[in-house]
Amino acid sequence: MTTPPSRPLHAIPQRPYYIEAPAYRRNSAGIRVMHLLCHLLNRSGHDAYLYPTAATNPLWHTPVLTPELAQQHAQAGRRPITVYPEVVSGNPRNGTSVVRYLLNRPGLIGGDAEFPVSDLIFAYTQHLLPDGEDPEHVLFMPPIDSSIFHNSDNPHDGRRQGWLLYPGRHAAALEEHKDLAAQCTLITHSWPASPQEMAALFRQSERVFCFESTSIALEAILCGCPAVVLPSPLFNGTPLGIEELGTHGLAFANTPEAIQEAIAGIPLAQEKYAKAEDRFWEQLDAFIRDTQAMPCTPVAAAPPEPSIAQ
């Protein structure tokens with residue numbers, strides 16, 4: 001008698017994921033996370049699609065949803081799960097099963113501050129999860145490619161030179177910190193031009209100054225460069241991922257004592273990041289389990305045809 005295969009060839013298809021994300025940019029951690037979620041859901045054997053967007057990462061499996069695919073799914077009774085980042089207001093795609101993936105404080109840089117009770121909430125980090133939500137609904141996706149951003153065999157480690165400054169969304173930083181900016185090399189949205197060049201810069205630099213919770217800080221720390229996060233309207237004193245990664249490698253004042261403490265914490269930060277990469281797969285399993293079980297909520301109108309997101 002033949003033993004049935006552990007992975008049936010004709011298993012009932014799971015519900016597909018339709019994911020809203022802006023055009024891919026490597027220097028936006030939030031955008032990278034949404035595109036990476038699509039890629040990793042597909043790697044895990046599920047069908048995930050991005051709503052049409054102006055750019056994707058050619059190295060990732062992030063197929064774009066077409067009207068024809070959406071129609072095929074509807075005809076086959078495959079009810080999609082719509083995933084929005086927190087910066088999207090309302091339910092523009094008229095999804096009947098809506099997941100909100102909170103990558104930052106709701107309403108801080110766009111989107112709504114509150115969500116319908118029918119939405120399923122997942123948060124990027126523990127402290128972004130609203131009160132009363134399931135504590136298992138944390139999906140901390142390490143956004144940094146540690147095969148590029150690392151400090152292994154670094155010939156510059158004993159003789160780092162130079163400071164870096166990344167104003168990010170806080171454009172006023174250059175005016176507010178003129179003296180500091182004059183001593184630093186400026187990191188912009190277009191320079192360094194590649195992740196490899198960025199990593200090489202971090203591996204030879206003494207510190208980087210930031211003004212918000214940004215992946216730039218974590219990239220630097222993984223390369224052995226401490227990050228100094230200075231006060232700004234975009235930073236409330238609590239770094240994103242504090243429960244998952246702590247504050248090792250970070251300084252919150254430009255003083256010798258704070259910098260030395262940050263440098264001492266870099267090895268622990270690198271160790272915690274490696275553990276977070278391993279832990280992610282369990283969290284993704286929980287995400288898949290609970291989203292696949294979502295009910296459908298009626299909406300007022302039929303979903304619009306996919307359109308290009310900028």
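Which residue in strand 7 is the bridge partner of Leu165? Leu186 is that partner. The legends below set this pair in its surroundings.

**View 1. The whole chain, a predicted model.** Local features need pLDDT of at least 70, side-chain atom pairs count only at pLDDT 80 or more, and totals for chains, interfaces and linings use all residues of this predicted model. Residues are numbered from 1 along each chain as its sequence is written, and side-chain values use heavy atoms, with hydrogens and water left out. The protein chain has eight helices and ten strands. Both are DSSP runs numbered from the N terminus: helices are H or I, at least four residues, and strands are E, at least two. The radius of gyration, taken over C-alpha atoms, is 21 Å, close to the 19 Å that the globule rule gives for 310 residues, so the chain is as compact as a globular protein of that length. That rule is 2.2 Å times the number of residues to the power 0.38. The C-alpha atoms fill a box of roughly 65 × 50 × 35 Å, along the principal axes.

View 2. Over residues 300-304 the pLDDT is below 50. Beyond near neighbours in sequence, this stretch has seven contacts (heavy atoms within 4.5 Å) in the model. Where pLDDT is low, predicted coordinates should not be read in detail.

**View 3. The largest nonpolar core, with 64 residues.** A nonpolar core is a set of buried Ala, Val, Leu, Ile, Met, Phe, Trp, Tyr and Cys residues joined through side-chain atoms within 4.5 Å. Buried means under 20% relative accessible area, with a 1.4 Å probe and protein chains only. Ile19, Leu37, Tyr101, Phe202, Val208 and Phe287 have the most contacts inside this core. Helix 8 (residues 256-292) gives the largest share, eight residues. Leaving aside neighbours within four places in sequence, Phe287 touches Tyr17, Leu37, Leu41, Val83, Val99, Phe122 and Leu139. Another core, of 13 residues, lies apart; Leu180, Cys184, Ala251 and Ala262 are among them.

View 4. Two strands pair if DSSP finds at least two bridges between them. Three bridges join strand 6 (residues 163-165) to strand 7. Leu165 has Leu186 as its bridge partner here.

How values were computed:
pLDDT = per-residue confidence, 0-100. Buried < 20%, exposed > 50% of the residue type's maximum accessible area, 1.4 Å probe, protein only.
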